[in-house]
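Student: I would like to learn how to read a few structural features from a set of coordinates. Please give the general idea each time, and then the case at hand.

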Amino acid sequence: VTNQWFLPAVRGDIPPGCAAHGFVCDGTRILVFGGMVEYGRYSNDLYELQASRWLWKKVKPQAPSTGSPPCPRLGHSFSLYGNKCYLFGGLANESEDSNNNVPRYLNDFYELELQHGSGVVGWSIPVTKGILPSPRESHTAIVYCRKDVGSPKMYIFGGMCGCRLNDLWELDIETMTWSRPETKGTVPLPRSLHTANVIGNKMYVFGGWVPQSAGGEISAHDGEWKCTGSFSYLNLDTTEWIGLISDCQEDKSNLLPGPRAGHCAVAVGTRLYIWSGRDGYRKAWNNQVCCKDLWYLDTEKPPAPSQVQLIRATTNSFQVKWDEVPTVEGYLLQLHADSPVPSVTGIPGTGVPETSVLSSQGGSSLHQNPQSMPSVPYPEMKVDHPSQTNNAIPNNNANWEPDTSRNTIHPQNDDEINVVSISSSSLLKVEGKEKVAAPENKIVQETMKNHADATGFKESNAPSLLPVCDRQWYDVGIFKNNSAVVSQYYLLPEETLSISNKTESADVPDYRLLKKQDLFPGTVYRFRVAAINGCGVGPFSKISEFKTCIPGFPGAPSTVKITKSVDCIHLSWEPPASPSGNILEYSAYLAIRSTQLQENPSQLVFMRIYCGLKTSCIVTAAQLSNAHVDYTSRPAIVFRISAKNERGYGPATQVRWLQ
């Protein structure tokens, strides 16, 4: 995400500029209907943009079997649910002469069926029950369907019909029945040219034109109106209105979006973005001023990221990554350290026992995935680390963030994010992702932790016998991106150790005041990560466990390449950068299908497909036919390669060969 605007080079049937049109987004295609082309001249054309190719196409839906197609209009609502768009209302010009504008408010209702991927079928006029909403334009319409129960409902709110409205209408899309739901709470003032967006079970209403008087009882056509920055939501499960920013709330510090109407708003995940709009009539300038500011609101804490994955381990560091969480400001990475494992002296590391060495035909020596997790219930630590502003909706006050620059909120540089009083110099830097293989190989390389024991890949993952309550999680730091190089962590002051796992709300410590602890060789560390947005720190990921390498063992093989031929693939690699002696042999393994894998999907099972001194091997079609396809991210076949010296086998390089 660059947070930069760009102007795509579109082609095809490019529509004319228009205002107050209908607009829906269906995957990578956008449909635009109607709008004002010039004063008094309205459109009823339908255009489709294939955003994957930036190709416009004018589409001509079939007319309804009964009745006529929608007339030219502006200010209508156009809502998508499933493979259908729902068109309601708007404003038409009764006069054929565009200079003689005779407004006619509409309350007609159409359904537009879409074809899958591209194109449309045609318009239809559904037969509805109940009382149709009154005619209006510049209203909003959203569709909401509860996940657990009920049919999809369309909600129409507000709009303009000579005067502004604040009535709420509901259409049950399955039964096509209109009704006026009873609501609780304070209904927002009558308004038009506002926005409404659904996030979760809430309809967020922002801005628009509202009555100038506080009472909101004005019904005269020439009443005094103003733009507003008020913000409310309707709980769609309980139909209760909750006010977040009132019309009269002052904002001298410019911490909230200014009053506006005719803006646009879009929900991305649980974040609401507001862009542009007009700020109302300024007599001194004799015009309306367009805003050019972009704001966003986080409505809830982010979800838990994926488990931390290991890219590379050394004797005193890990390079780790996790899947990105959309629309977050950063990630809090924590570790829990076991006591250092004493080094093994006097016992030669024998690698894989000779009895399990596989024959060239394939064999069945199975090795557990060393990344598998012990099935012990670790407690989630409910520590809230607020960012530079308060939580998003404390005491019904919304926390907006201006998004006016290339970067998101106050980043210090491309790698780190500064939260509360943390200085950028005190945060651990994140190194860029290393490109370890040529693009055509389509492989992703990771390095597994060291297994310097007699069984090569098989090692005990039994949990330590420490009582769960004694576990102490330490902050590694707060990172802007979804990867980190971990060589140290921060030690908390003694007085906070006993309470840190019990408090449900605590500030992020000032890392500048904390001591750092280096990682030890041959030590198991557990990791977890949580995403951060304007609402605070979300839940932590599942726990991952990795072990630093023991000195004297070889490093991981590097620069793995995979090339495909007709009936096999060719696997090659380069020797470890730090062999720590002579390399005696390499072993290559393939993750295979097994019943054990079905019982525990996160625990891969490996079969050795090569053992020898060469830095390459052939993987036969017969071996590949037994491969497990890993779907944790993009589908891939998983290989591991490790090197052995006099001490034994070192860490393995794991490769995901994308399918």
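Tutor: Start with strands and their pairing. Helices (H or I, at least four residues) and strands (E, at least two) are DSSP runs, numbered from the N terminus. Two strands pair if DSSP finds at least two bridges between them. Before the cases, some conventions: this is a predicted model, in which local features need pLDDT of at least 70 and side-chain atom pairs count only at pLDDT 80 or more, while totals for chains, interfaces and linings use all residues. Residues are numbered from 1 along each chain as its sequence is written, and side-chain values use heavy atoms, with hydrogens and water left out.

Student: In what order do the five strands of the open sheet lie, and which are the edge strands?

Tutor: The order is E1-E5-E4-E3-E2, with mixed pairing. Strand E1 (11–12) and E2 are the edge strands, each pairing on one side only.

Student: How many bridges join E2 to E3, and how many join E3 to E4?

Tutor: Strand E2 (residues 22–26) and strand E3 (residues 29–38) run antiparallel and are joined by five bridges. E3 and strand E4 (residues 41–50) also run antiparallel, with eight bridges between them. Within these pairings, aspartate 26 has arginine 29 in E3 as its bridge partner, and phenylalanine 33 stands opposite leucine 46 in E4.

Student: What does glycine 27 do in the hairpin of E2 and E3?

Tutor: Two residues lie between the strands of that hairpin, and glycine 27 takes a positive phi near 65 degrees.

Student: Next, salt bridges. How many does a search of the whole structure find?

Tutor: Side chains of opposite charge can pair when their charged atoms come close. The criterion is a side-chain nitrogen of Lys or Arg within 4 Å of a carboxyl oxygen of Asp or Glu. The search finds 16 salt bridges. One of them joins aspartate 45 and lysine 58, whose closest N and O atoms are 3.6 Å apart. Aspartate 45 is in strand E4 and lysine 58 in strand E5 (residues 55–59), so this pair ties together parts 13 residues apart in sequence.

Student: Where do arginine 73 and aspartate 108 lie?

Tutor: These two form a salt bridge with closest N and O atoms 2.8 Å apart. Arginine 73 is in the loop between E5 and strand E6 (77–81), and aspartate 108 is in strand E8 (residues 103–114), 35 residues apart. Arginine 73 is buried, with a relative accessible area of 0%, whereas aspartate 108 counts as partly exposed at 22%.

Student: Which residues are linked in a network of salt bridges?

Tutor: Asp26, Arg29 and Glu48 form such a network.

Student: How many aromatic pairs does the structure hold?

Tutor: Rings of Phe, Tyr and Trp (its six-membered ring) pair if their centres lie within 6.5 Å; planes under 30 degrees apart count as stacked, over 60 as edge-to-face and the rest as tilted. The structure holds 23 aromatic pairs. In one of them, tyrosine 204 and phenylalanine 231 have ring centres 5.7 Å apart and planes at 15 degrees, so they are stacked. Both residues are buried. In another, phenylalanine 318 and tyrosine 525 have centres 6.0 Å apart and planes at 75 degrees, so that pair is edge-to-face. Phenylalanine 318 in strand E26 (residues 318–321) and tyrosine 525 in strand E35 (residues 524–533) are 207 residues apart. Phenylalanine 318 is buried at 1% relative accessible area, and tyrosine 525 is buried at 0%. Ring pairs also link Phe33, Phe78, Tyr110 and Trp123 into a cluster.

Student: What lies over the ring of tryptophan 169?

Tutor: A charge sits over a ring if NZ of Lys or CZ of Arg is within 6 Å of the ring centre and within 35 degrees of the ring normal. The charged end of arginine 180 sits over tryptophan 169, 4.9 Å from the ring centre. Arginine 528 lies over the face of phenylalanine 540, at 4.0 Å from the ring centre.

Note on methods. Buried means under 20% relative accessible area, exposed over 50%, partly exposed in between (1.4 Å probe, protein chains only).
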